[in-house]
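Let's take a friendly walk through this model, one stretch at a time. Have the sequence and the 3D view open as you read.

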Amino acid sequence: MSYEIKIGQRSIAITDNVSEVVAPNEQMAILFKGMANIFGDLRAVAMLAEAEADAVEVIRNDPDLNEAAKNRRARDAANRDTLTAFTRSTAMISEQAENILNYLKTKLAPVAPLAEGDVVGFMRDSELRNVFRSLDGAAKEKLMVAMYAGNQTDLCDALLRGNAICSGVTDSQLERLTFARIATDNGAVIKSVSNLVKAINRNLQQIIAVRTWYANLVFGSNDDPRDVAPRVSGLANLSEYIDGMEKINSRQGKADDEDGKQLSLIHISEPTR
């Protein structure tokens, strides 16, 4: 669905891309709906801006008014609250994007914990971590590359359930491993949020254009939408997070067969029971 907003001699089709994005689960559907509601409010503000801009133009083109009267009435018709509404909604977009990012960081666990009392699982994890810790640097690095690519899942699980120092990995390696595992196991979620971010950026650009044209016409500004676009920090953070996840999936998808054959030569033996 789309409709045209006209401000002075400029016009743009306002679309509703955000509400069309399908959420991957019920919890995220609530977050997506919250974002769609914000853009619904923004579209209402854009329509109000169009009406106010039309009213100002009528005043300025009234042949029965002299210039002083036109300027006075145009100033009286100008509504700073409309600009404030645009700014407030942009801040709400940033906040809701942060809410989505916090959900992803909180709910997307890289590995399931062992069941309470799972002694066999605990011993298996411990032995795998001991074997990894005993390897030399080159062997460890090859295994890390394999795990980044989604291989050696048992070893990966064991390392992720353990302490970095006790497992023989650095904090940065463990952080990257966590990131890679989340990206691998939650492809549908990452894709859905990526689609949402793209829709937000598309719709936000439209709203920024309307806001800028409105300010130019009503308040005498002379700005270009590309120059005055606000930095929406929460959206930037969410976009950066999702971009990182997608790059990991892309690298994994482009891994060739030869690399897979080389990595398969690296073997961690089954721990004794």
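Which residues in H5 are buried? They are Lys 140, Leu 143, Met 144, Ala 146, Met 147 and Tyr 148, where buried means under 20% relative accessible area, exposed means over 50%, and partly exposed lies in between (1.4 Å probe, protein chains only). Helices are DSSP runs of H or I with at least four residues, strands are runs of E with at least two, and both are numbered from the N terminus.

Before going on, a word on the source: this is a predicted model, in which local features need pLDDT of at least 70, side-chain atom pairs count only at pLDDT 80 or more, and totals for chains, interfaces and linings use all residues. Residues are numbered from 1 along each chain as its sequence is written, and side-chain values use heavy atoms, with hydrogens and water left out.

Back to H5: its 12 residues should span 16 Å at 1.5 Å a residue, and the C-alpha atoms at its ends agree, being 16 Å apart. The expected span here is 1.5 Å times one less than the number of residues. Just after H5, Gly 150 has a positive phi of about 95°.

Follow the chain into the loop between H5 (137–148) and H6 (153–160), and you find Gln 152. Gln 152 is not a glycine, yet its phi is positive, at about 50°. This residue is partly exposed, with a relative accessible area of 22%.

Now turn to strands S1 (residues 2–7) and S2 (residues 10–15), which run antiparallel and are joined by six bridges; strands pair if DSSP finds at least two bridges between them. Ser 2 has Thr 15 in S2 as its bridge partner. The two strands form a hairpin with two residues between them, and Gly 8 in the turn takes a positive phi of about 60°.
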